[in-house]
Amino acid sequence: MRLRKVLIKLTILGTALGLIFFGGFGEFTKSRTANSPGQVEFLIGVSQPNLNGSWQIQMNKEIKNEIARHDDTRVIFTDAAQDNEQQIQDINTLMRYGVDLLIVSVDNAITLTPVISEVYKKIPVIVLGRGVKGYDYTLYIGSDNQLNGKMAAKEAIRLLGNAQGQIIEIAGNKDSLQAEERSRGFHETIRKESSHTRIQSINGNWLKDNAEDELKGLLKSGVKPNLIYAHNDAMALGAYNAIKQLMLEGIRIIGSDGLNEENGGLQLVQKGLIDTTYITPTGGTTAAQYAIDILHKVPGLPKKIILRDHEVNISNVDSYLKDVDSESIPNITNKHSGIKLGFAQVGSESEWRSANTDSIISAAKEAGVKLILKNADNNQKKQIDIIRDFIKQDVDVIAFSPKTEEGWDQVLKEAKNAGIPIILSDREINVDDQSLWTSFIGSDFVEEGRRAGKWLASDSESAKAPLNIIEIEGTVNSAPAVDRKLGFNEIIQQDPKFQLLKSYSGDFTFDKGKKRMIEALETYGKKINVVYAHNDDMALGAIQAIEDYGLNPGVDIKIISIDGTKKAFNSLSLGKMNFTVECNPLLGPQLMKAIKDLENGIEIPQKIITAEETFDQKQAKKESYRRSY
């Protein structure tokens, strides 16, 4: 059988290639109908950029322990020892050995992204911890690294007080997305919220000794920082060693990873060697669990899982060391017989929203969750009043789709004080205290905008400049409107031939989409080449306005939209629309799973991002019969 041949090759070549096979070399075969102990159905490959750090080692331990619970699955681990070319070879070797799924963590996103994109064409890929560029993977699991950097910046400001301070940043691998995002979050927050000056950023390459040597050289040159921010705890310890050797005092240190082991971040905080760390889960257990689900073709799996980081300092480190910090994990206190969920729906402005509401109702019924659903009719004050009413009713969980990003701090503080977890559905919010909400379930709106822009860029490669664009935005200051605009502009700004004539607010409705398109046609007429609408309903309204004007939508004016509803598929099939990016409204099952996990005391991810596709006219014709909304 195929796996036995693999084992022979691994036994001979494993040491030279840095491969470690977990699961035993006993007498078993790989059978596609494996159902008894010893029979192996699936082989998982794990590619690590290096195992020099405790965080990556812990990740492998978690994967190994979880896979051990499944008799039909085995796993191979590889260690590239910080050599990008070696990691490429490792991945190619795993593919030759016939792995059914690849779990990969990368240091160099630029080099590894195209390799992983090719693997993704053949087998499922889980990108774990340190990400790649683009969207060519089955599932990403990791932390919100930009938020991690932002949290570190706020802590730096608190530690330094009002006095202007000088900061040194010790960054991870310069080609790592994790390092890039942490750095961006840190710099932007320091710049916006304080007068502190970042002196210099040095590259510690995630390693203690590298950080120690680089920092020691900088300090010997006469630089005198007030605070050091290291992208992980190993480099934070290296910074402490450098400071100690040079007998310097009064320098605060912030790290990240928060492992509970010797010289782990929690111990460094407890001993007073560093001031603060952030527990950033490795995601190993989660990755292994989702790998099993993917291999067994469980439907409705997400595209991204963003795990929650926890800030740890001397005031709370003991509780984390004992693993009994229940306050950090919002949960359901089982006050009722059965779970009572209060859901404050934003409105009923579109076909998408109707499908979203139906999904929540049906999923709650199937899960045995008592649902109290109220509609805010696109009125934020009414939505806040509904949430306050849920608090008075003493529900177990509150979920809502916020009308806008701002204005939620007070009512969410009231919910937190009442001990009620908050789950955001479909749309995110902007609050200073991230502990006011437990989890977000929905789409990556920025990526949706990027995908719309990338299609336009690809479709217009041979087009002559200029290409004039009308943008019809969603509700002002709502998360999808803000982010879809951001992602689209990020792409079109890379090519000067794209000219945005004007952006109009259509509030996600058909009628306003039509009205705004009439205004655009009255102003710009046949100069308009492209309409980018933030949802299908507005796009469909724009199509009707274009036809009434005497032009052919989809031909005279290209139409790009987001949602992927059945009505949009019909317009695509008729050639009136050119491209739509799916935004999955069927969030009910994910919401009920999160609620059940809360009931069982399981910390749910900070963000659960749904998997979504894109559709042009040909694809829509093939897929329209499957569309249920």
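Guide: Start at Ile472, which stands opposite Ala533 in S21. Keep in mind that this is a predicted model.

Visitor: What makes strand S19 and strand S21 a pair?

Guide: Pairing needs at least two bridges. Strand S19 (residues 467–473) and strand S21 (residues 530–533) are joined by 4 bridges. They therefore count as paired. The two run parallel.

Visitor: Which strands make up the open sheet?

Guide: Its order is S20-S19-S21-S22-S23-S25, 6 strands with mixed pairing.

Visitor: Why are S20 and S25 said to stand at the edges?

Guide: Strand S20 (498–505) and strand S25 (614–616) each have a single partner strand, so one side of each has no neighbour in the sheet. On average, neighbouring strands here are turned by 15° against each other, direction ignored.

Visitor: What about S2 and S3: how do they pair?

Guide: Strand S2 (residues 42–48) pairs with S3 in the parallel sense, over 7 bridges. Leu43 stands opposite Arg74 in S3. Between the two strands, the chain passes through helix H2 (residues 54–67), and this β-α-β crossover is right-handed.

Visitor: Why is strand S3 called mostly covered?

Guide: Buried means under 20% relative accessible area. In S3 (residues 73–79), 6 of the 7 residues are buried.

Visitor: How many salt bridges does a search of the whole structure find?

Guide: The search finds 35. Side chains of opposite charge can pair when their charged atoms come close.

Visitor: How do you know that Asp275 and Arg252 form a salt bridge?

Guide: The cut-off is 4 Å, nitrogen to carboxyl oxygen. Asp275 and Arg252 meet at 3.0 Å, N to O, so the pair qualifies. Asp275 is in the loop between helix H9 (265–270) and strand S11 (276–279), while Arg252 is in strand S10 (residues 252–254), 23 residues apart.

Visitor: What do Lys567 and Glu351 tie together?

Guide: Their side chains meet in a salt bridge at 3.2 Å, N to O. Lys567 lies in helix H19 (residues 566–573) and Glu351 in helix H12 (residues 351–367), so the pair ties together parts that are 216 residues apart in sequence. Lys567 has 46% relative accessibility, so it is partly exposed. Glu351, at 35%, is partly exposed too.

Visitor: Lys593 and Asp597 also meet in a salt bridge. Are they buried or exposed, or in between?

Guide: Asp597 has 17%, which is under 20%, so Asp597 is buried. Lys593 has 45%, so Lys593 is partly exposed. The salt bridge spans 3.1 Å, N to O.

Visitor: Which residues are linked in a network of salt bridges?

Guide: Glu349, Arg353, Asp426 and Arg427.

Visitor: Where is Ser350, and why is Ser350 called buried?

Guide: Ser350 sits in the loop between strand S14 (340–345) and H12. Its relative accessibility is 8%, under the 20% limit, so Ser350 counts as buried.

Visitor: What does the side chain of Ser350 reach?

Guide: The backbone nitrogen of Arg353, at 3.1 Å. The limit for a polar contact is 3.5 Å, so this distance is within it. Setting aside residues up to four places away in sequence, Ser350 touches Phe508, Asn535 and Asp537.

Note on methods:
Residues are numbered from 1 along each chain as its sequence is written. This is a predicted model: local features need pLDDT of at least 70, side-chain atom pairs count only at pLDDT 80 or more; totals for chains, interfaces and linings use all residues. Side-chain values use heavy atoms; hydrogens and water are left out. Buried means under 20% relative accessible area, exposed over 50%, partly exposed in between (1.4 Å probe, protein chains only). A crossover is right-handed if, with the strands pointing away from the viewer, the path from the first strand over the helix to the second runs clockwise. A polar contact is a pair of N or O atoms within 3.5 Å; within protein, one must be able to donate a hydrogen and the other to accept it, and residues adjacent in sequence count only if both atoms are side-chain atoms. Contact means heavy atoms within 4.5 Å. Axes are lines fitted to C-alpha atoms, for helices over the stretch in contact, and angles run from 0 to 180 degrees between N-to-C directions.
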